[in-house]
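I am opening the notebook on this model and want to keep a careful record of what I look up. The entries below follow the order in which I went through the structure.

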Amino acid sequence: RFQKVSSSTMTLQWVAVASFLYAEIGFVLFLCLPFISPRRWLKIFNFRLWEKIASYWNRAFLTIIIVLVVLFFDAIREVRKYSVNQGIGKNDKLLPNMYDHLNMKLFRAQRNLYISGFSLFLWLVLRRMITLISELATIMGESQALKVQTDNTNDAAKRYMEENEKLKKALNRGKDDGNKELEVKNEQLIKELERLTAELKKTTEALEKSKIEMATIKKQSDGLAREYDRLLQEHDKIQGLVDTHDKKKDILKLKVKLQHNG
């Protein structure tokens with residue numbers, strides 16, 4: 001009875017981890033959808049519901065990491081435990097099913113190792129992707145605001161330049177005492193134009209800086225996506241090797257049975 005309960009508990013435990021892994025893969029693919037912009041993701045992340053649970057997010061994140069790390073090391077321990085045959089091959093006549101039982105345990109331990117390892121990796125990838133998307137959306141919003149401010153400054157500068165030209169023409173035509181007032185006003189407009197030109201220069205520099213930061217974040221995101229694709233390919237290769245190894249073991253079992261029958 002004790003063995004049956006222990007086996008059932010482990011099965012439910014690893015089913016939960018596998019379900020968590022599939023949920024992570026689905027969420028990563030959902031984040032990679034091209035028609036959802038980073039600014040829209042930022043709006044989703046800023047819902048009131050997320051603000052309420054934000055204080056518990058770091059604790060939950062660390063708790064899940066600790067659980068996955070413990071499961072990962074437990075899977076490594078199981079793989080090492082069942083990788084050693086312990087002389088079963090010499091006593092296979094006395095214990096004909098023990099070798100198959102150990103191979104089954106080893107396969108489950110390796111499967112659990114892959115599940116826990118990739119769950120831990122994707123959990124860290126998800127945290128990094130959410131951070132990068134939030135930073136990219138913030139920079140895009142700041143860049144849009146700087147662009148609007150730059151356009152407004154350009155329009156104001158053009159308007160003041162046109163008024164300055166009109167005042168210059170009026171000064172050239174004017175022959176009365178109002179020329180002094182026009183000169184004072186013209187000087188004020190020139191100073192205002194110089195101030196707006198300086199502000200335009202600052203906003204232009206800030207816009208260029210934000211563009212450089214956006215390009216850097218985009219490169220980091222592309223590199224993260226390429227690393228994720230490479231890890232998936234390695235996972236497929238390892239899974240193929242495990243399947244090939246299982247097939248070889250099945251052939252070896254069949255040969256042993258044929259020898260017993262003979």
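I take contact to mean heavy atoms within 4.5 Å. This is a predicted model, in which local features need pLDDT of at least 70 and side-chain atom pairs count only at pLDDT 80 or more, while totals for chains, interfaces and linings use all residues. Residues are numbered from 1 along each chain as its sequence is written, and side-chain values use heavy atoms, with hydrogens and water left out.

**Confidence.** I looked up pLDDT, the predictor's confidence in each residue from 0 to 100, and found a chain mean of 77, with 81% of residues at 70 or more. Over residues 1-9 the pLDDT is below 50, and beyond near neighbours in sequence this stretch has 0 contacts in the model. Where pLDDT is low, the predicted coordinates should not be read in detail.

**Annotated spans.** I noted that the unreviewed UniProt entry annotates residues 12-36, 56-76 and 113-130 as "transmembrane region"; UniProt positions are in the numbering used here, feature names are shortened, and annotations may be inferred rather than shown by experiment. With helices as DSSP runs of H or I (at least four residues) and strands as runs of E (at least two), numbered from the N terminus, residues 12-36 are 80% helix and 0% strand, with end C-alpha atoms 35 Å apart. Residues 113-130 are 100% helix and 0% strand, and their end C-alpha atoms lie 26 Å apart.

**Thr153.** I located Thr153 in helix H4, residues 98-173. Thr153 counts as buried because its relative accessibility is 9% (buried is under 20% relative accessible area, exposed over 50%, partly exposed in between, with a 1.4 Å probe and protein chains only). Leaving aside residues up to four places away in sequence, Thr153 touches Leu196 and Leu200. A polar atom of the Thr153 side chain lies 2.8 Å from the backbone oxygen of Gln149.

**Aromatic rings.** I paired rings of Phe, Tyr and Trp (its six-membered ring) if their centres lie within 6.5 Å, calling planes under 30 degrees apart stacked, over 60 edge-to-face and the rest tilted; the count comes to 3 aromatic pairs. The Phe20 and Trp123 rings have centres 5.4 Å apart and planes at 55 degrees, so I recorded the pair as tilted. Phe20 lies in helix H1 (residues 2-31) and Trp123 in helix H4, so the pair ties together parts that are 103 residues apart in sequence. Phe20 is partly exposed at 25% relative accessibility, whereas Trp123 is buried at 9%. Phe20, Phe61 and Trp123 form one aromatic cluster.

How values were computed
Polar contact = N/O pair within 3.5 Å; in protein donor to acceptor, adjacent residues only side chain to side chain.
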